[in-house]
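Work through the exercises below with the coordinates open. Each task is followed by its solution in steps.

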Amino acid sequence: MLYSWLKAFHIIGFVAWFAGLFYIFRLYVYHVENRDKPEIAQLLTVMERRLYRGICWPAMVFTAGFGIALFVQMPGFYMAQGWFHAKLLGLLLLIGYHLYCGKVRKDLAAGRFNLTSRQCRLLNEVPLVPLFLIVIMVVVKPHFGG
């Protein structure tokens, strides 16, 4: 029963984390497109900070905490599974993207516009890669090797 509760909370955190990550680059698109409108740019800076610090980070920590709690229930089982290692690769990609989102947020807040709105739109789709990888690995659990 404990395992099911841990898994449920892990999934809830995962969904919240992805919601934040999918939304943040959408805000960056608006920020880049409104860089010449200080009142709008300032509002977007506040929204971006609140989203990143108030939703993305806590959701990532929540997800990680419950993921670790799941892992410690059966570490030998997980470490023997190829799909779990692939899931961890997806997690590393996701953490890298999360940290990159934070860098972009700081750049925009400082008035550095290193990305175009088109680039922001494309970067908004990046979390789909780890999303597909993680969900397929956990649900399908493909067998790797002989």
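A nonpolar core is a set of buried Ala, Val, Leu, Ile, Met, Phe, Trp, Tyr and Cys residues joined through side-chain atoms within 4.5 Å. Buried means under 20% relative accessible area, exposed over 50%, and partly exposed in between, with a 1.4 Å probe and protein chains only. The model is predicted: local features need pLDDT of at least 70, side-chain atom pairs count only at pLDDT 80 or more, and totals for chains, interfaces and linings use all residues. Residues are numbered from 1 along each chain as its sequence is written, and side-chain values use heavy atoms, with hydrogens and water left out.

**Exercise 1. The cores**

Task: find which residues touch the most other members of the largest nonpolar core.

Solution. 
- Step 1. Take the 24 residues of the largest core; L21, I24, F25, Y28, C101 and C120 touch the most other members.
- Step 2. Assign elements. Helices are DSSP runs of H or I with at least four residues, strands are runs of E with at least two, and both are numbered from the N terminus. Two or more core residues come from each of α1, α2 and α4.
- Step 3. Helix α1 gives the largest share, 10 residues.
- Step 4. List the contacts of C120, where contact means heavy atoms within 4.5 Å. Not counting residues up to four places away in sequence, C120 touches F25, Y28, V29, V32 and L115.
- Step 5. Look for a separate core. A second one has five residues, including Y78, F84, A86 and M137.

**Exercise 2. Helix α2**

Task: compare the reach of helix α2 with its expected span, then locate its bend and its packing partners.

Solution. 
- Step 1. Helix α2 covers residues 38-73, 36 residues in total.
- Step 2. The expected span is 1.5 Å times one less than the number of residues.
- Step 3. At Y52, α2 bends by about 30°.
- Step 4. Sort by accessibility. Among the buried residues of α2 are A41, L44, L51, Y52, C56, M60 and L70.
- Step 5. The buried residues of α2 pack against α1 (2-33), α3 (75-79) and α4 (82-109).
- Step 6. Zoom in on T63, which is found in α2. T63 is buried, with a relative accessible area of 4%. Its contacts, leaving aside neighbours within four places in sequence, are H10, G13, F14 and W17.

**Exercise 3. Salt bridges**

Task: how many salt bridges are there, and which residues are linked in a network?

Solution. 
- Step 1. Apply the rule: a side-chain nitrogen of Lys or Arg within 4 Å of a carboxyl oxygen of Asp or Glu. The count comes to three.
- Step 2. E33 pairs with R121 at 2.5 Å, N to O. E33 lies in α1 and R121 in α5 (residues 117-123), so the pair ties together parts 88 residues apart in sequence.
- Step 3. Both ends are partly exposed: E33 at 41%, R121 at 34%.
- Step 4. D107 bridges to K103, with the closest N and O atoms 2.5 Å apart. Both lie in α4, four residues apart, about one turn of the helix.
- Step 5. R112 also bridges to D107, with a closest N and O separation of 2.9 Å.
- Step 6. K103, D107 and R112 therefore need reading together, being linked in a network of salt bridges. D107 is buried at 8%, K103 is partly exposed at 42%, and R112 is partly exposed at 43%.

Definitions and conventions. The bend at a residue is the angle between axes fitted to the seven residues ending there and the seven starting there. Contact means heavy atoms within 4.5 Å.
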